[in-house]
Amino acid sequence: MLECCTMKITFLGTGADDWDWRNPAPGTRKSTCTLVGATVLVDAGPCVLAGLADAGARPARVADLLVTHTHGDHFNPDAVMAIAGAGRRKLRVWGPPTVADMLPGGLARVDFHPLLPGDGFRVAGMRAVALPANHAVAPRSAEQPLHYAISGRGANLLYALDGGWLCAKARLWLGEFLRGKPLDAIVWDATCGNTFRDWRFAEHNDLRMIDAMREGLVKLGIASAETLHVFDHVARTLWPADAAEHRRLAECFGGMVAEDGLELDVNEPAR
């Protein structure tokens, strides 16, 4: 059975890796993970089970997990296996081929689908494509992190974190995937916030970088003036300490900042 005819996004966690999840203080953001609809989960780090519980979402309903890369704040093998063990069917896991080597007990409870950039697939009745992300797992790692474009239920979504500056191949494949219809929403890696000219520019974005890419995507017809821009993967040390300042900055740069528990209907975005 397909889900309803709208694309709903629930942000279960929105924090970068510099938050203390072992000793969380009030206002601590969970590790970044997101639900698309009720059954498609993007990333599963150390806070994913708590994020699902806070959102009133049952792990047993998760049918597909899209893994962007295997950094510990995005991919926690024990959490993945807990989700896999909650359902009656095998959890379908999509991601870089290196994911298979990190699953405890191998593939007994997981139906793993390795993805390379440009690979298309379907989840929950929606089309999706894996795109190359400009992000390094480790200096000598062969793993290629991924972004995901998802199309269905009347909306087109680009989920683009972790990463800094969209790759040329990602832009080309994204344009082909969209078939002439612009993106309705982009979830951006905005790790650096208003810490401009930071050394992390080669694998994480600041708000000025996103602004430049947004203008370029509009010129290409990949985005439009109506595209919703959501700034996610917020670093504790690279954004202002005041949460109200987060919202002001996001508005200044033409978007909104993601918050733990935020729910959006991409078909009717909040502006």
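Biologist: In this predicted model, which residues do ring pairs link into a cluster?

Modeller: A search of the whole structure finds three aromatic pairs. One of them joins Trp94 and Phe121, and Phe121 also pairs with Tyr148. Ring pairs therefore link these residues into a cluster, whose members are Trp94, Phe121 and Tyr148.

Biologist: Is the pair of Trp94 and Phe121 stacked or edge-to-face?

Modeller: A pair of aromatic rings is described by the distance of the centres and the angle of the planes. For Trp94 and Phe121 the centres are 4.6 Å apart and the planes make 25°. Planes under 30 degrees apart count as stacked, so the pair of Trp94 and Phe121 is stacked.

Biologist: How many residues apart in sequence are the parts that this pair ties together?

Modeller: Trp94 belongs to strand 5, residues 91–95, and both Trp94 and Phe121 are buried. Phe121 lies in strand 7, so the pair ties together parts whose separation in sequence is 27 residues.

Biologist: What kind of pair do Phe121 and Tyr148 form?

Modeller: Phe121 in strand 7 and Tyr148 in strand 9 link distant parts of the chain, and both residues are buried. Their ring centres are 6.1 Å apart. Because their planes stand at 85°, and an angle over 60 degrees is the criterion, the pair is edge-to-face.

Biologist: Which are the edge strands of the open sheet of seven strands?

Modeller: The order of this sheet is 7-8-9-10-11-12-13, with mixed pairing. An edge strand pairs on one side only. The edge strands are strand 7 (120–123) and strand 13 (256–257).

Biologist: Which strands does helix 3 touch where it packs on the sheet?

Modeller: Helix 3 covers residues 168–178. Its direction makes about 165° with that of strand 8. The strands touched by helix 3 are strand 8 (126–132), strand 9 (146–152) and strand 10.

Biologist: Which residues of strand 2 are buried on each side?

Modeller: In a regular strand the side chains alternate between the two faces of the sheet. Strand 2 (residues 33–36) is covered on both faces. The buried residues are Cys33 and Leu35 on one side, and Thr34 and Val36 on the other.

Technical notes
Residues are numbered from 1 along each chain as its sequence is written. This is a predicted model: local features need pLDDT of at least 70, side-chain atom pairs count only at pLDDT 80 or more; totals for chains, interfaces and linings use all residues. Side-chain values use heavy atoms; hydrogens and water are left out. Two strands pair if DSSP finds at least two bridges between them. Helices (H or I, at least four residues) and strands (E, at least two) are DSSP runs, numbered from the N terminus. Contact means heavy atoms within 4.5 Å. Axes are lines fitted to C-alpha atoms, for helices over the stretch in contact, and angles run from 0 to 180 degrees between N-to-C directions. Rings of Phe, Tyr and Trp (its six-membered ring) pair if their centres lie within 6.5 Å; planes under 30 degrees apart count as stacked, over 60 as edge-to-face and the rest as tilted. Buried means under 20% relative accessible area, exposed over 50%, partly exposed in between (1.4 Å probe, protein chains only).
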